[in-house]
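These are my notebook entries on one protein chain.

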Amino acid sequence: MARMVSYVSAAKLVSMARSNPRLAIIDVRDEERSLQAHIPGSHHFASGSFQARMPELARAAAAKDTLVFHCALSQVRGPKCARMFSDYLSEAKDDSAIKNVMVLERGFNGWEASGQPVCRCTDAPCKGTRTTPNCWKTPNFGSPAKRKKDNRPLAMAHQKQ
Ligand SMILES: [Zn+2]
C-alpha cells in the first residue's frame, strides 16, 4: 500500500518528536549540511546518493514509524526523496514499521528561522547531544529567550563553525 506523503510544520514536528521516540528526521541536503547546522538528532542521506542508499535507510529506520524528510527549503529535494522512499517501501513489500512519510515545511532554513534549536556536531548520525543536550526533552526547547543571549548575528554564528 502506498504511503501518502504529507507536510508538517516545524512547530508540529517539535511536539511530534517529543512524544514519539519512533520518529526520525532525514536531512537530504547535500554538501550544505557540513557547512551549516542541522536539526538535532537528524540523519543525513544526501539527495545526490539518496536512491542508492534507500536500502540502508530502510534498515536504519527499521524501528521507526514516522520519517520526516527535509532539505534546505523542502521544495525540491526533500519532497522528491520522500516520494522516492515511499515508493521504495511499497515496492519492497516488506513489513516495514514505517507508517508515515512526511516532509518538513520550509525545510531546514524555515526551521532555523523560526527559532528551533540547531546542532553543529560532526557525528554521523547526529546524537543531538553535543550542543543541545537532551534538546527534545528540555522544557525550554525552542525557547526564543535562549536565542537572545547570543548576540552574534546569525551569519557570524555560522561562520564560527
Ligand atoms: Zn548534531
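Which residues is V68 in contact with, leaving aside its neighbours within four places in sequence? I found V8, L13, L23, I25, I26, M102 and L104; two residues are in contact if their C-beta atoms, placed from the backbone, lie within 7 Å.

Basis of the entries. I worked on a predicted model, in which local features need pLDDT of at least 70, side-chain atom pairs count only at pLDDT 80 or more, and totals for chains, interfaces and linings use all residues. I numbered residues from 1 along each chain as its sequence is written.

Entry 1, overall layout. I counted seven helices and five strands in the protein chain; helices (H or I, at least four residues) and strands (E, at least two) are DSSP runs, numbered from the N terminus. From the N terminus on, I read the order β-α-β-α-β-α-β-α-β-α-α-α. Of the 161 residues, 32% count as buried, a term that requires 20 or more other C-beta atoms within 10 Å of the residue's own, with exposed meaning 12 or fewer and partly exposed in between, C-beta atoms being placed from the backbone. Among contacts between residues at least 6 apart in sequence, 71% join residues at least 24 apart.

Most residues other than glycine have a negative phi. I noted S74, whose phi is near 60°, in the loop between β4 and α4. S74 counts as buried because it has 24 C-beta neighbours inside 10 Å. I also noted R106, with a phi of about 65°, in the loop between β5 and α5. R106 is buried too, with 20 other C-beta atoms within 10 Å.

I found 16 residues in α4 and a reach of 22 Å from first C-alpha to last, close to the 22 Å expected, the expected span being 1.5 Å times one less than the number of residues. R77, G78, C81, A82, F85, S86 and L89 are buried. Seen down the axis of α4, these buried residues fall within an arc of 160°, so they line one face of the helix; the arc is that of the directions from the helix axis to the C-beta atoms. They pack against β1, α3 (54–60), β4, β5 and α5. On the other side, S90 and E91 are exposed.
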